[in-house]
Amino acid sequence: MNTIQLNQGNLQNLPESFALPTYDRSKVKAGIVHIGIGGFHRSHEAFYTDELLASTGSTEWGICGVGLREADRKIGDILKQQDYLYTLIVKHPDGKIENRVIGSIVDFMLGCDDAAAVTDKMASEDTKIVSLTITEGGYNFNPATNEFDFTNPDVQHDLANPQNPKMVFGFLTEALRKRRAAGLPAFTVQSCDNIQHNGNMTRKMLLAFAEKQDADLAKWIEQEVRFPNAMVDRITPVTTPDDIANLQASGVEDAWPVVCEPFSQWVIEDTFSNGRPAWENVGAQFVPDVTPYETMKIRLLNAGHSVLGLLGSIHGHQTIDGCVADPLFAAYLRRFMDLEATPVLAPVEGINLEDYKSSLIERFGNPNVKDNLARICLESSSKLPKFLIPTITENMAKGGSIQFAALVIAAWCYYSDKGVNKEGVALDIVDDMKAELHTAAAGSQDDKLSFLKLTAVFGDLAQNAVFTDVYVAMLDALYANPNIAEQMQNMLEKEALVA
């Protein structure tokens with residue numbers, strides 16, 4: 001069948017089932033510059049902003065996407081060819097699919113091509129917010145110390161070449177330098193990454209860099225720039241060739257649509273430097289303190305993903321919904337949530353934790369959102385120190401259960417060492433620390449605590465006998481028999497007897 005190329009001129013020719021932007025995109029200015037314009041940004045902040053533009057008639061809050069690396073060129077080229085439009089494919093558990101064309105992105109720039117143009121855009125009077133989805137690794141902190149890593153060669157480059165930066169903090173610092181010189185108010189730096197206190201972390205890392213480069217500017221940033229903490233949530237798996245083909249079958253040619261679940265949540269601290277969109281009118285929630293919301297999400301949803309990702313990978317499952325369809329894995333995840341994660345969570349206003357956990361199981365089990373375990377496990381060295389290890393340390397301090405999380409750490413060691421599932425099939429492991437993780441994990445044959453001695457990941461966990469006794473027993477059992485399901489079943493049976 002003939003297909004219609006997605007672009008501005010063809011919008012009115014798309015199938016009637018497609019929801020389209022209802023506002024005049026030609027009048028929208030980019031009040032937001034967003035760094036890291038991947039799938040999650042396009043299913044979340046860009047979605048909320050599209051809703052806002054449609055519902056309020058505001059024209060000042062469009063988005064200019066920015067990529068900093070050569071790897072971002074592909075998405076930039078595709079967006080430009082499509083007039084920055086893309087399809088958001090919302091997949092419901094019952095099989096219903098909603099196709100919605102998002103129009104809130106109105107431009108794209110590539111930092112590695114013209115860094116000065118990007119910092120000029122950030123320094124423009126129109127720009128009120130610079131937002132980020134750069135993943136945990138993009139914040140350039142040492143997980144053990146949470147301090148800025150000045151040993152990074154790109155950091156050294158940016159310190160010496162402020163007008164031609166490579167990293168996000170170099171771009172932000174140079175843009176803020178230009179704004180101060182022009183007498184403009186500071187923009188807000190809005191993190192949208194899954195890091196606890198993401199605004200505080202962004203502020204700390206930016207000030208550390210700026211202080212080293214320009215101490216006077218750092219003082220201005222400290223006084224003038226706001227970094228609201230935020231909790232973000234929407235499961236957004238990697239777009240597959242089948243997703244693109246299914247759109248083509250419906251008559252629409254979109255080279256990079258985004259797939260997501262129907263659920264979305266955004267909780268933001270209401271502290272901005274220079275105005276903000278009224279996102280609360282389209283479902284976002286502004287609060288004085290986001291801490292309990294983000295802790296709940298990180299310790300339950302993100303940690304739950306890692307629990308299923310690492311255990312499921314060794315077992316041979318391929319996707320999150322495949323794990324949840326397995327009664328053993330669903331039961332194990334729920335017991336981890338109930339026995340280990342929930343007891344160390346503070347109350348969350350307006351949230352029933354039992355209902356929230358049940359909704360997570362339902363969302364994870366959505367058979368139409370195929371979230372690949374390889375994606376869930378990527379950069380685990382950045383994720384687990386935030387998502388899982390704090391639950392372990394807080395439970396040890398309170399005398400709580402650590403069994404379920406300890407098996408996940410033991411599984412991560414096996415995963416990093418062997419790189420195969422229980423059937424010997426190679427796993428797709430992507431992690432900036434992959435070599436260090438493998439070396440430390442392989443050392444477990446001679447030193448049972450070798451993996452835990454990666455202090456950049458585990459801190460002083462190797463020195464805690466309460467944890468190491470449990471961990472070593474699980475590690476020995478796993479290396480003797482990599483059938484992870486047997487250990488999971490045994491743990492559930494033992495816990496049931498105790499209960």
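Residues are numbered from 1 along each chain as its sequence is written, and side-chain values use heavy atoms, with hydrogens and water left out. Because the model is predicted, local features need pLDDT of at least 70 and side-chain atom pairs count only at pLDDT 80 or more, while totals for chains, interfaces and linings use all residues.

Let me start with the helix pair, where helices are DSSP runs of H or I with at least four residues, strands are E runs of at least two, and both are numbered from the N terminus. Helix α6, residues 168–182, packs against helix α8, residues 215–224, at an angle of about 85°, with the axes 10 Å apart. That makes α6 roughly perpendicular to α8, a term that covers angles of 65 to 115 degrees. In contact, meaning heavy atoms within 4.5 Å, are T173, L176, R177 and R180 of α6 with D216, L217, W220 and I221 of α8.

Turning to the annotation, UniProt, in an unreviewed entry, places "domain: Mannitol dehydrogenase C-terminal" at residues 289–477, and such annotations may be inferred rather than shown by experiment. That span is 65% helix and 0% strand, and its end C-alpha atoms lie 43 Å apart.

After α17 comes G419, whose phi is positive, near 65°.

Finally, E379 is not a glycine, yet has a positive phi of about 55°; E379 sits in the loop between α14 (373–377) and α15 (380–387), and is buried at 16% relative accessible area.

Definitions and conventions
Axes are lines fitted to C-alpha atoms, for helices over the stretch in contact, and angles run from 0 to 180 degrees between N-to-C directions. Angles under 35 degrees count as roughly parallel, over 145 as roughly antiparallel, 65 to 115 as roughly perpendicular and the rest as oblique. Buried means under 20% relative accessible area, exposed over 50%, partly exposed in between (1.4 Å probe, protein chains only).
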